[in-house]
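Here's a friendly walk through a protein model for anyone meeting it for the first time. Have a look at the sequence and the 3D view, then read on.

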Amino acid sequence: MNALDSQYMARALRLAERGIYSTSPNPRVGCVLVNQGEVVAEAWHQKAGEAHAEIRALEIAGARAKGSTCYVSLEPCSHTNRTGPCADALIEAGIARVVYAMEDPNPAVAGLGIEKLRAAEVEVDGPLMAQEAARINAGFLKRMSTGRPCVRLKMAVSLDGRTAMPDGNAFWITGPRARADVQRFRARSCAVLTGWRSVSMDNSQMTVRSDEFELADEGLGDRQPLRVLVDSKLQLQSDARFFKADSPILVANLIREGEGDLPHISYLKTEAAAEHLDLDDLLQKLGDLEINELFVETGSELSGAFLSAGLVDELIIYMAPKLMGSDARAMFELPLQKMAESLPLHIKDIRQLGGDIRITAMPEME
């Protein structure tokens, strides 16, 4: 592999990112076809149930696909699910070479697509830029390897680490650019999770508000993820504003299972852990529902429970340049007593959004 291979693969990865809001529960995949130094087609997977990136590229290229090199951000699939096997389509089209970014973690594929191509005497090279490819599909990889979604935990805080005033008022800690960024994270997620106390306190709906932040031109459209409400004892009042938005809601609890009184509401009964809902069991059940990315936006108690249980893959902290004082509410309920109990973090990224700062961090695993 050479510099040109990396250049074309980088393009395939950028194409894959165009499906960031729409491919769930499928992975985001981009594809570039190059014949004798000329790009004859490029495509990305746009929506689950529709043509994969390779199939769309082959349709665009037509007869020019024969003898070309296919750069694809994920190993071509070898099985029939909602669509046919991409490996077979590439072989039938006369593709001479396939360069892939990373192997598909799906056990139904997991190297079988590569084997099928090589058995048909197609030259196969890879992995190439696997780390970048894995970043784009972190949730899909996590679900395929563990059965659970990738968990991002978001908090908006003051410079002194406070999330609300003593009376619960938190509007608005951060500015419009930071709040718009939260909408992007909601829209790219398969599900957004919150707790009943947070919803009751803030009177929130937890929906994607792309129009409010002028984000429709970024491809969010009317995308609404599943809203997961953690309400162990079903305490949130049925007339709450949260229930009035008609996008799907899943109420995780210890009492009830099945459909709700309204068509967009259903109930998921989970295991109990010390009189509370077992978050590990909840994540496993969400994985069974093909949730790749879970965006957690909730209060200090539930956020602290996720962290204490080691269930957070990534922290997204929006920090505003203001002080809210020692009586304001803390970021997490983590009753640690000794320095040895502190939770170390690895800072991945720091950037400014208007007057606020976004910190992206990962808990360091032992």
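## A salt bridge across the chain

R148 counts as buried, since its relative accessibility is 18%, and the cut-off for buried is under 20%. Keep in mind that this is a predicted model.

So what does R148 meet in a salt bridge? The partner is the side chain of D280, at 2.2 Å from N to O. R148 sits in the loop between α6 (138-146) and β6 (150-158), while D280 belongs to helix α10 (residues 279-288), so this pair ties together parts that are 132 residues apart in sequence. D280 itself has a relative accessible area of 36%, which makes it partly exposed.

## More charged pairs

Side chains of opposite charge can pair when their charged atoms come close. This structure holds 22 salt bridges. One of them joins the side chains of E297 and R186, at 2.6 Å from N to O. Because E297 lies in strand β15 (residues 293-297) and R186 in helix α7 (residues 176-188), the pair links parts that are 111 residues apart in sequence. Buried or exposed, these two? Both E297 and R186 are buried.

Back in helix α10, K285 and D281 are four residues apart, so about one helical turn separates them. They form a salt bridge too, with their closest N and O atoms 2.8 Å apart. K285 is partly exposed at 22% relative accessibility, whereas D281 is buried at 15%. There's also a network of salt bridges, which links R28, R152, R188, E293, E314 and K348.

## A five-stranded sheet

Now for an open sheet of five strands, running in the order β2-β1-β3-β4-β5 with mixed pairing. Its edge strands are β2 (38-44) and β5 (123-125), each pairing on one side only. On average, neighbouring strands here are turned by 15 degrees against each other, ignoring direction.

Strand β1 (residues 30-35) pairs with β2 in the antiparallel sense, over six bridges. Pick out L33 and you'll find its bridge partner in β2 is A41. Helix α1 (residues 3-17) packs on this sheet, touching β1, β2, β3 (69-72) and β4 (97-100), and its direction makes about 145 degrees with that of β1.

## A stop at D349

Last, take a look at D349, which has its place in strand β18 (residues 345-353). D349 is partly exposed, at 22% relative accessibility. The side chains of D349 and R351 are joined by a polar contact of 2.8 Å.

Leaving out residues up to four places away in sequence, D349 touches R358, I359 and T360. T360 is 11 residues from D349 along the chain, and their C-alpha atoms are separated by 5.1 Å.

Notes: Residues numbered from 1 in each chain as written. Predicted model: local features only at pLDDT ≥ 70, side-chain atom pairs only at ≥ 80, totals over all residues. Heavy atoms only, no water. Helix = DSSP H or I, 4+ residues; strand = E, 2+ residues; numbered from the N terminus. Buried < 20%, exposed > 50% of the residue type's maximum accessible area, 1.4 Å probe, protein only. Contact = heavy atoms within 4.5 Å. Polar contact = N/O pair within 3.5 Å; in protein donor to acceptor, adjacent residues only side chain to side chain. Pairing = 2+ DSSP bridges. Axes fitted to C-alpha atoms, helices over the stretch in contact; angles between N-to-C directions. Salt bridge = Lys/Arg side-chain N within 4 Å of Asp/Glu carboxyl O.
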